[in-house]
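Here are my notes on the model you passed along.

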Amino acid sequence: MFPKNAWYVACTPDELAGDKPLGRRICDEAIVFFRGADGAVAALEDFCPHRGAPLSLGRVFDGTLQCGYHGLRMGCEGTVVAMPGQRTSVFPAIRRYAAVEHHGFVWVWPGRIEDADPAALPQLEWAGRPDWAYGGGMYHVNCDYRLMIDNLMDLTHETYVHAGSIGQKEIDEVAPQTRVEGDEVITERRMFDIPAPPFWQMALRGMGLPDDRPVDRWQICRFTPPSQVMIEVGVALAGQGGHEADPAVKASSIVVDFITPETERSIWYFWGMARRFKPEDPALTDSIREGQRKIFGEDLQMLERQQQNLEAWPERRLMKLNIDAGGTFSRRVLERLVAQEQAA
Amino acid sequence: MFPKNAWYVACTPDELAGDKPLGRRICDEAIVFFRGADGAVAALEDFCPHRGAPLSLGRVFDGTLQCGYHGLRMGCEGTVVAMPGQRTSVFPAIRRYAAVEHHGFVWVWPGRIEDADPAALPQLEWAGRPDWAYGGGMYHVNCDYRLMIDNLMDLTHETYVHAGSIGQKEIDEVAPQTRVEGDEVITERRMFDIPAPPFWQMALRGMGLPDDRPVDRWQICRFTPPSQVMIEVGVALAGQGGHEADPAVKASSIVVDFITPETERSIWYFWGMARRFKPEDPALTDSIREGQRKIFGEDLQMLERQQQNLEAWPERRLMKLNIDAGGTFSRRVLERLVAQEQAA
Amino acid sequence: MFPKNAWYVACTPDELAGDKPLGRRICDEAIVFFRGADGAVAALEDFCPHRGAPLSLGRVFDGTLQCGYHGLRMGCEGTVVAMPGQRTSVFPAIRRYAAVEHHGFVWVWPGRIEDADPAALPQLEWAGRPDWAYGGGMYHVNCDYRLMIDNLMDLTHETYVHAGSIGQKEIDEVAPQTRVEGDEVITERRMFDIPAPPFWQMALRGMGLPDDRPVDRWQICRFTPPSQVMIEVGVALAGQGGHEADPAVKASSIVVDFITPETERSIWYFWGMARRFKPEDPALTDSIREGQRKIFGEDLQMLERQQQNLEAWPERRLMKLNIDAGGTFSRRVLERLVAQEQAA
């Protein structure tokens with residue numbers, strides 16, 4: 001259950017380096033990604049029309065994708081451009097997908113290519129901006145992509161799953177506020193006059209601010225379909241206006257999450273952090289990425305075991321508490337979009 | 001195919017130490033075990049009513065089981081006792097199972113809790129007695145629990161599976177005698193005037209008896225439903241009355257087997273030995289346990305491959321020789337009990 | 001989909017050494033192989049009629065196969081010959097398969113034993129001949145056996161799959177010629193006046209011939225049902241008649257392939273090389289075998305992934321180019337034989 005007529009992150013540009021194509025299943029479509037002669041990304045069905053070999057076992061050669069079995073050369077449009085000793089006109093074309101490099105990711109539209117709309121690509125305020133830095137990674141997780149959306153739209157789990165790192169009791173004690181704006185869902189939590197946890201102490205120092213004073217803290221999670229969750233997080237010296245305080249007295253960043261279904265029960269999870277402090281410090285980027293990799297890794301077992309439990313008890317209705325409103329409303333948006341897609 | 005209204009060994013008490021609960025599937029029920037504030041064992045469905053996470057990934061906190069995902073705190077009765085910021089009255093209860101610590105094991109009744117009868121717990125003559133010592137372990141085996149019952153109710157396999165340890169040709173040469181007493185099945189074999197194998201030589205020395213003289217040997221296997229097999233084994237100096245000889249001229253012990261179905265095709269196999277010689281010697285207990293672990297490990301491949309063969313040839317009728325009478329009669333008891341359960 | 005009334009290679013004689021029987025699934029039949037008292041190979045269902053244990057977990061004892069569970073002793077004909085304390089007349093027989101050692105392999109006929117015809121065993125011109133040497137090995141591959149036949153009957157894949165070893169561009173540039181002779185299919189490719197690749201340079205030196213001159217090269221692939229592919233390969237000094245040149249100016253060998261289905265989607269692949277140069281050099285035999293093991297190992301991932309792709313897109317029709325004629329005609333022979341078998 002996922003929209004197919006939508007842009008999903010397929011991979012990062014470095015995964016398409018050299019002459020190796022990339023095979024990756026996305027929304028149950030087996031797709032091979034490679035770069036054509038002009039460097040633009042192409043995305044095709046991972047199935048050679050000659051004998052069914054996966055094209056992703058081949059190599060990129062002169063802007064075409066050469067099958068690693070018998071040398072058929074597939075063009076970026078899904079039509080065969082050459083095969084030794086053969087007339088290419090007899091070969092059937094294979095399916096092509098819309099794919100594009102944008103804002104530091106490769107995006108794919110697993111649905112009808114005619115419907116793919118470049119204007120629908122998300123605009124990321126921090127991408128390519130010198131006053132921001134970005135670092136991230138990927139996890140493969142065996143769960144329905146909606147369980148990951150639930151996870152990110154309810155950060156009370158930080159207190160339990162991430163008790164040893166970013167969790168703090170105060171998160172749990174403040175009720176979130178949730179609202180829907182068109183297809184977007186926003187759930188936010190604001191905490192006042194609390195101690196700054198270690199990550200934010202470090203960030204405050206990076207901004208030249210004291211790290212031992214009470215702060216106001218915020219977490220603003222924004223779901224955008226099909227499966228993007230951006231979480232604005234930050235602290236300001238207490239009593240200065242919190243999220244709305246003058247930039248000179250606060251530190252903030254954006255937790256970036258793109259959740260791409262592989263199948264109905266597995267995902268490619270692209271996570272990262274965009275920050276507006278010390279953007280010129282690549283060692284800090286690395287250090288934050290490794291910290292985030294460790295913390296986000298703590299969720300994996302829980303999500304996979306939750307998936308197994310829900311499959312074992314398919315008839316059970318889960319609860320929808322106030323803390324679950326973010327995930328619940330996000331699922332409704334997805335249900336509506338999928339219903340529209342099926343009706344069309 | 002197993003009775004659900006029956007007591008099964010779920011785990012040993014040491015598996016419920018510290019603040020970690022134990023998740024274990026028993027008779028196809030996913031159960032989480034933990035200790036309440038009074039130290040008594042609780043057993044609940046391993047499913048958090050909030051979002052379906054396995055409660056066994058949580059931790060025991062102040063006599064409750066705290067879900068590791070969002071902090072719901074489940075009481076020993078299967079009702080929610082607390083969750084930060086939530087009214088607990090809205091939460092549905094989850095299923096509770098009867099569980100009790102008894103004679104050095106934790107027992108669970110996977111069927112209807114209303115039917116759980118503490119008086120039906122087996123009485124183990126050796127448990128907690130200073131003149132006895134007990135040591136044991138557990139194996140997970142991918143086979144129908146009845147294949148393990150067959151195995152233990154026909155010890156001719158010792159000659160082949162355990163040729164290098166406890167097997168001896170004489171076992172094979174004596175026909176067993178099998179009888180049914182109510183729901184119990186007893187199959188026994190008595191050998192007279194034979195050499196003592198190494199294990200029993202050691203035991204005779206422990207009793208201050210000579211180890212180089214002929215002995216009478218016995219094996220008395222007793223099946224008690226649902227899946228307990230106690231095997232009285234021993235030797236006496238030959239011609240003194242065998243099993244009925246004066247305790248001063250014999251050495252004996254009880255091979256203890258509790259076979260708990262995990263699913264229709266896998267088991268938790270609790271094995272051990274209770275002995276009446278040298279009970280005050282813990283090093284001997286350890287040494288016997290390690291020997292038994294090695295010997296009982298020799299059965300695993302055979303049982304798992306037998307299971308696979310029977311699944312591959314489901315229409316085949318197996319033979320029921322005189323040596324198979326113990327297993328055959330035990331299966332009939334089980335069939336009767338399951339039929340009664342289904343009729344009720 | 002494979003003929004069952006046919007001879008397949010089951011194993012090599014060294015796999016039946018000592019007292020260990022060999023369990024191997026062939027054409028979806030679970031078979032145990034062992035040697036009787038006279039050293040002849042016996043093949044039986046891998047299922048003890050007593051309790052269903054795999055006989056292959058037992059041991060060969062005095063020309064019988066003793067079950068490793070309770071000591072039943074099975075004779076080479078599939079009838080029980082002894083069991084301690086039991087009358088053997090009550091035991092049902094198990095299925096026997098025709099099996100025979102021939103030309104350095106153990107062959108089995110997984111179909112009706114009444115139809116097994118020793119005269120139908122293939123005659124291998126090189127087997128047991130002092131002027132030839134043979135070395136080979138085995139791979140287990142998760143693919144339909146016909147994919148391996150396709151692979152061997154279209155050597156254009158050498159240019160891509162084996163680019164770093166035996167592939168050369170000239171293979172790709174010459175169209176093969178394919179013909180059917182009764183149940184056999186021959187596809188051949190002849191290349192003239194080309195450089196000798198390293199393997200053939202070595203072979204030319206072995207014949208005392210220059211290794212730096214142009215050669216004529218040939219590849220003659222011969223499919224014989226059910227699944228044997230012999231590939232005559234060689235080079236001659238250019239312009240001397242190629243394949244028909246005087247033996248004094250050429251070097252040649254036979255690539256030997258026996259493809260035995262395990263199931264519909266997995267195979268036991270026996271590969272080797274029989275050569276007519278330096279037959280007295282066992283170090284060369286070893287060196288060729290290891291080279292071949294490495295090269296043939298390059299096909300495995302491609303075949304397994306092709307199998308997965310074909311299962312994922314079962315409705316797709318594959319192309320049948322001229323290079324595919326060898327495999328295509330071989331499949332037609334197999335379809336005809338299977339249809340005949342099913343009609344009978």
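1. Let's start with B:Arg222, which is partly exposed at a relative accessible area of 30% (buried is under 20%, exposed over 50%, partly exposed in between, using a 1.4 Å probe and protein chains only). B:Arg222 forms a salt bridge with B:Glu181, and the closest N and O atoms are 3.8 Å apart (the rule wants a side-chain nitrogen of Lys or Arg within 4 Å of a carboxyl oxygen of Asp or Glu). B:Glu181 sits in strand β12 (residues 177-181) of chain B and B:Arg222 in strand β14 (residues 215-224) of chain B, so the pair ties together parts 41 residues apart in sequence. Strands here are DSSP E runs of at least two residues, helices are H or I runs of at least four, and numbering goes from the N terminus. B:Glu181 is partly exposed too, at 38%.

2. Some housekeeping before going on. This is a predicted model, where local features need pLDDT of at least 70 and side-chain atom pairs count only at pLDDT 80 or more, while totals for chains, interfaces and linings use all residues. Residues are numbered from 1 along each chain as its sequence is written, chains are lettered from A and ligands numbered from 1 in the order written, and side-chain values use heavy atoms, with hydrogens and water left out.

3. Over all chains, the structure holds 77 salt bridges. One of them joins A:Arg95 and A:Glu29 at 3.2 Å, N to O. That pair links distant parts of the chain, 66 residues apart: A:Arg95 is in the loop between β8 (80-82) and β9 (96-102) of chain A, and A:Glu29 is in strand β3 (residues 29-35) of chain A. A:Arg95 is partly exposed at 32%, whereas A:Glu29 is buried at 14%.

4. Chain A also has a salt-bridge network, made of A:Arg179, A:Glu181, A:Glu184, A:Glu188, A:Arg190, A:Arg222 and A:Glu244.

5. Now the A/B interface. The contact (heavy atoms within 4.5 Å) takes 27 residues from chain A and 24 residues from chain B. About 2300 Å² is buried, with carbon and sulfur atoms giving 58%; that area is what the two parts lose in accessible area (1.4 Å probe) on being put together, summed over both. In chain A, A:Tyr160, A:Met302 and A:Met319 lose the most area to chain B, together 29% of what that side buries.

6. On the chain A side, α1 (145-153), α2 (158-161), α3 (169-173) and α6 (300-312) each supply at least two residues, and α6(A) gives the most, with 7 residues.

7. For C/A, chain C puts in 27 residues and chain A 24 residues. The buried area is about 2300 Å², 58% of it from carbon and sulfur atoms. C:Tyr160, C:Met302 and C:Met319 supply 29% of the area that chain C buries against chain A, more than any other three residues. A:Arg51 and C:Asp150 meet in a salt bridge at 3.1 Å, N to O.

8. Leaving aside neighbours within four places in sequence, B:Phe33 is in contact with residues including B:Leu16, B:Ile26, B:Val41 and B:Val106.
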